[in-house]
Amino acid sequence: MIRMQAIWNGEIIAESDDTVVVEGNHYFPINSIKKEYFEKSDLTSFCGWKGMANYYSVTVNGKTNKDCAWYYAEPNDAAMKIKGMVAFWNGVEVK
């Protein structure tokens, strides 16, 4: 397996060798995120076959990136492999 990192504002905010790729997005296990950087936002959405997503903002060195991560706590049956997984967008680099 390849260790994947999610990086924002020069800091690694999540790191795992147990990621899952779904529709081009890398999903990280919830326990791989560095919780000190994350805060749940008020935004939630229902994403088709994937289920209900909760969104998070990330703050690193005083700079906040709002709604740049989402978490599937309750995915639909077809998407159970991403249950408890976090994906990133909006300026977060995954490599």
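Contact here means heavy atoms within 4.5 Å. With that in hand, here are the points.

1. **Basis.** This is a predicted model, in which local features need pLDDT of at least 70, side-chain atom pairs count only at pLDDT 80 or more, and totals for chains, interfaces and linings use all residues. Residues are numbered from 1 along each chain as its sequence is written, and side-chain values use heavy atoms, with hydrogens and water left out.

2. **Overall fold.** The chain has nine strands and zero helices. Strands are DSSP runs of E of at least two residues, helices runs of H or I of at least four, numbered from the N terminus. The radius of gyration is 12 Å, close to the 12 Å that the globule rule gives for 95 residues, so the chain is as compact as a globular protein of that length. The radius is taken over C-alpha atoms, and the rule is 2.2 Å times the number of residues to the power 0.38.

3. **Burial and contacts.** Of the 95 residues, 44% count as buried. Buried means under 20% relative accessible area and exposed over 50%, with partly exposed in between (1.4 Å probe, protein chains only). Take contacts between residues at least 6 apart in sequence: 43% of them join residues at least 24 apart.

4. **The annotated span.** UniProt, in an unreviewed entry, lists residues 4-90 as "domain: DUF427". Such annotations may be inferred rather than shown by experiment; positions follow the numbering used here, and feature names are shortened. The span is 63% strand and 0% helix, and its end C-alpha atoms lie 17 Å apart.

5. Two strands pair if DSSP finds at least two bridges between them. Five bridges join β1 (residues 4-8) to β2. Within this pairing, M4 stands opposite S16 in β2.

6. **S32.** This residue lies in the loop between β4 (25-29) and β5 (38-46). S32 is buried, with a relative accessible area of 11%. Leaving aside neighbours within four places in sequence, S32 is in contact with I13, A14, E15 and S16. A polar atom of the S32 side chain lies 2.7 Å from the backbone oxygen of P29.

7. **E36.** The loop between β4 and β5 also holds E36. E36 is exposed, with a relative accessible area of 59%. E36 and N61 are 25 residues apart in sequence and 11 Å apart in space, C-alpha to C-alpha.

Key:
Polar contact = N/O pair within 3.5 Å; in protein donor to acceptor, adjacent residues only side chain to side chain.
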